[in-house]
Amino acid sequence: MAKVLVVTSGKGGVGKTTSTAALGAALAQNGESVVVVDFDVGLRNLDLVMGAERRVVFDLINVVQGVAKLQQALIRDKRLENLWLLPASQTRDKDALTDEGIGRIIGELRTRFDWVLCDSPAGIERGAMLAMRYADEAVIVTNPEVSSVRDSDRIIGMLDSKTVKAERGERVTKHVLITRYDPARAARGEMLSIQDILEILATPLLGIIPESQDVLRASNVGSPVTLNNAASAPARAYTDAARRLMGETVDMIVPAERRGLMNRLLGRRAA
Amino acid sequence: MNLLRLFNGRKATAPVARERLQILLAHERGLRGQPDLLATLREEILAVVSRHIQLDPDKVIVRLDRGPTVSTLEVDIEVPNNFEQTKVHADRRLGALVPP
């Protein structure tokens, strides 16, 4: 039974695209067939983070408008054979995405994949609404910072009212994914703690991704962080989160950076 | 942790963030629950007044002003000049049902 999962946040720059790529790759590494769909029309970036930017021929809008067939637009990952990408369009015509068109494509993707991961644009406009419209589950990416938490709360309200599931009287399964977390700063009372965020949002936790240089390193070279350096702290955190999505019970820990000998001797902070 | 704070002289700001968020979100969630409050009020006021006076639905204006301590609900209904007569006609039509 295929699952449609939207990765959303309201606020921009919190790590939706990074998380979509990392979770998609981690699910694929666990043997699931996965498609990641970029809903950010006009500002697509999932192709770049996945390292597939030069292979984009057709996109989501082409498929919605019937210019291309779905299999023509789908791009297979070079590293994992069961990971696919459906890129967004770079044209500015956002109105080309229709509710019915997206519904049809999501329906078709459901028959072909175990997981359909929808990378939502920031904001609460049309693109974000359509990305969450057909979702069964939602990952709400949140930074430990007031504006991000506020926007996450707003998005949670929309997931509970504007999705097809909500309109049918069912519930979208929601998870909070906390990214850019710094355990040391939280311990010093300089950053909202995990407990603070979960209490405020009243939504279960999917994972805690520590602030890390590895995230930028991975996007620099166009590789999901879970593939680029599987031993890194963020990669381990994303892999644990992906296993939780698959229904496994995994202890909730914040993976720490492994510090090299030189760094340890010099007392440098890893992150 | 508190000792640490004493030494580096910085105040913990996370509790402030938490409190501000809790207050703000409690307010925003309240608004979200009743986004059409004004529309509902307008509709029901229109229905009640229309039972007695013939009204142009566009001439019913309902406004809510939120102030720091007190909020005001302003209801502005424009009625035609001969509205008493309209009502009398209506009473006659209803006949004995309406007491004089």
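What pattern does chain B follow when it is read along the sequence? Chain B goes α-α-α-β-β-α, so let me start there, with helices (H or I, at least four residues) and strands (E, at least two) taken as DSSP runs numbered from the N terminus.

Hi everyone, quick housekeeping. This is a predicted model, where local features need pLDDT of at least 70, side-chain atom pairs count only at pLDDT 80 or more, and totals for chains, interfaces and linings use all residues. Residues are numbered from 1 along each chain as its sequence is written, chains are lettered from A and ligands numbered from 1 in the order in which they are written, and side-chain values use heavy atoms, leaving out hydrogens and water.

Back to chain B: it holds 4 helices and 2 strands. Of its 100 residues, 13% are buried, meaning under 20% relative accessible area with a 1.4 Å probe and protein chains only. If we take contacts (heavy atoms within 4.5 Å) between residues at least 6 apart in sequence, 29% join residues at least 24 apart.

Now for the largest pocket. A pocket here is an open set of points on a 1 Å grid over the protein atoms alone, where a 1.4 Å probe fits, with protein on both sides within 12 Å along at least five of seven lines; lining residues have an atom within 4 Å of a point. The space in the largest pocket comes to about 460 Å³, a volume filled by probe spheres set on the points. It has 25 lining residues, and closest to its centre are A:Gly13, A:Val14, A:Gly15, A:Lys16 and A:Thr18. By type, the lining splits into 10 nonpolar, 8 polar and 7 charged, with Gly counted as polar.

Who supplies that lining? In chain A, α1 (16–29), α2 (46–49), β7 (173–181) and β8 (205–210) each give at least two residues, and α1(A) gives the most, with 3.

Let's stay with α1(A). Its 14 residues reach 20 Å from first C-alpha to last, close to the expected 20 Å, which is 1.5 Å times one less than the number of residues. Because 11 of the 14 are buried, α1(A) is largely enclosed by the rest of the structure; A:Lys16 is among those buried residues. Just past the helix, A:Gly31 has a positive phi of about 90 degrees.

Finally, β7(A): 7 of its 9 residues are buried. Strands pair if DSSP finds at least two bridges between them. β6 (residues 137–142) of chain A runs parallel to β7(A) over 6 bridges, with A:Ile140 opposite A:Val176. β7(A) also pairs with β8(A), again parallel, through 4 bridges, and A:Tyr181 has A:Pro210 as its bridge partner.

Key. Buried < 20%, exposed > 50% of the residue type's maximum accessible area, 1.4 Å probe, protein only.
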